[in-house]
Amino acid sequence: MDIKKELPHFYIGNSLGGQQEWYSRITDFGMHVGGCAAITACDCAIYFEKYFNLRGLYPFDLEKISREDYLRFGKIMEPYLYPRWSGVDKLEIYLDGFGNFLRDRGVKIKMRGWSGENNFLETCKIISAQIDAGYPLPCLNLNHQARILQDYVWHWFILNGYEIRDEKFFVKAVSYGIGRWFDFATLWDTGYERKGGLILFEI
């Protein structure tokens with residue numbers, strides 16, 4: 001039986017969520033080139049305030065999220081997930097950074113990492129359970145052998161949907177202002193020894 005589940009998100013103009021490319025390559029080079037972790041954290045913070053009513057996460061107009069306000073919000077998030085030269089390339093860095101952001105705002109959300117070394121089938125179950133519970137999942141992909149995923153190399157993005165179709169498991173990846181569906185078997189099998197992984201939430 002085919003199953004499909006997608007979480008709500010938010011648009012900023014025609015963009016699904018925020019984009020690091022909005023930051024100037026000249027004045028905000030770090031965010032422009034390496035701000036993907038901070039962008040996913042911004043999107044998750046807005047999501048949790050908008051859909052879980054967790055107040056204090058987004059300091060601007062939640063009903064009319066503008067590009068200008070989002071850019072300001074990203075600069076608030078930047079110190080917590082600073083775009084290092086090697087990138088935010090470990091789940092622990094993300095957990096510490098976003099965790100500190102949440103603590104500074106008095107918001108309690110449990111987080112834990114799910115390594116890319118974990119079993120594919122168990123990971124499908126985890127993704128299904130998280131999305132069924134209403135939680136988006138920040139996902140870190142490091143190197144990858146598949147050409148279809150080259151725009152997602154060394155990159156953080158959000159998984160906010162899954163579909164079981166013809167006995168295959170697909171996920172919806174939100175980044176660059178769009179949502180794209182990928183065969184998760186391809187996404188999870190990077191072909192490299194060093195793995196990324198997922199951030200799991202619990203409220």
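These notebook entries record what I looked up in a predicted model.

**Conventions.** I number residues from 1 along each chain as its sequence is written, and my side-chain values use heavy atoms, with hydrogens and water left out.

**Entry 1: salt bridges.** I counted 10 salt bridges in the structure, each a side-chain nitrogen of Lys or Arg within 4 Å of a carboxyl oxygen of Asp or Glu. For accessibility I took buried as under 20% relative accessible area, exposed as over 50%, and partly exposed as in between (1.4 Å probe, protein chains only).

I looked up Arg72 and found its salt bridge to Asp69, with the closest N and O atoms 2.3 Å apart. Both residues lie in helix α3 (residues 67-77), 3 residues apart, or about one turn of the helix. I took helices (H or I, at least four residues) and strands (E, at least two) as DSSP runs numbered from the N terminus. Arg72 counts as partly exposed because its relative accessibility is 46%, whereas Asp69, at 11%, counts as buried.

I then looked up Glu163, which pairs with Arg165 at 3.2 Å between the closest N and O atoms. Glu163 is buried at 12% relative accessible area, and Arg165 is partly exposed at 29%. I also noted a network in which salt bridges with shared partners join Lys4, Glu6 and Lys172.

**Entry 2: helix α5.** I found that α5 has 13 residues and reaches 18 Å from its first C-alpha to its last, close to the expected 18 Å; the expected span is 1.5 Å times one less than the number of residues. At the N-terminal end, Asn119 caps α5 through a side-chain oxygen 2.9 Å from the backbone nitrogen of Leu121. Within α5 (residues 120-132), Lys125 and Glu122 stand 3 residues apart and form a salt bridge with the closest N and O atoms at 3.6 Å. Lys125 is exposed at 55% relative accessibility; Glu122 is partly exposed at 40%. The buried residues of α5 include Cys124, Ile126, Ile127 and Ile131. After the helix comes Gly134, with a positive phi near 95 degrees.

**Entry 3: the largest pocket.** I searched a 1 Å grid over the protein atoms alone, where a pocket is an open set of points with protein on both sides within 12 Å along at least five of seven lines, a cavity is a set where a 1.4 Å probe fits but cannot get out, and lining residues have an atom within 4 Å of a point. The largest pocket holds about 330 Å³ of space. Its lining has 20 residues, with Val33, Gly34, Pro83, Arg84 and Trp85 the closest to its centre. Helix α1 gives the largest share of this lining, 4 residues.

**Entry 4: cavities.** I found 2 cavities of 30 Å³ or more in the whole structure. The largest cavity holds about 100 Å³, and of its 15 lining residues the closest to its centre are Gly18, Ile39, Val174, Ser175 and Tyr176. The second largest cavity has a volume of about 80 Å³. Among the residues lining the second largest cavity are Cys139, Leu140, Trp188 and Lys195. Strand β5 supplies the largest share of that lining, 3 residues.

Note on methods: This is a predicted model: local features need pLDDT of at least 70, side-chain atom pairs count only at pLDDT 80 or more; totals for chains, interfaces and linings use all residues. A polar contact is a pair of N or O atoms within 3.5 Å; within protein, one must be able to donate a hydrogen and the other to accept it, and residues adjacent in sequence count only if both atoms are side-chain atoms. Grid points are joined across faces, edges and corners, and a volume is the space filled by probe spheres set on the points.
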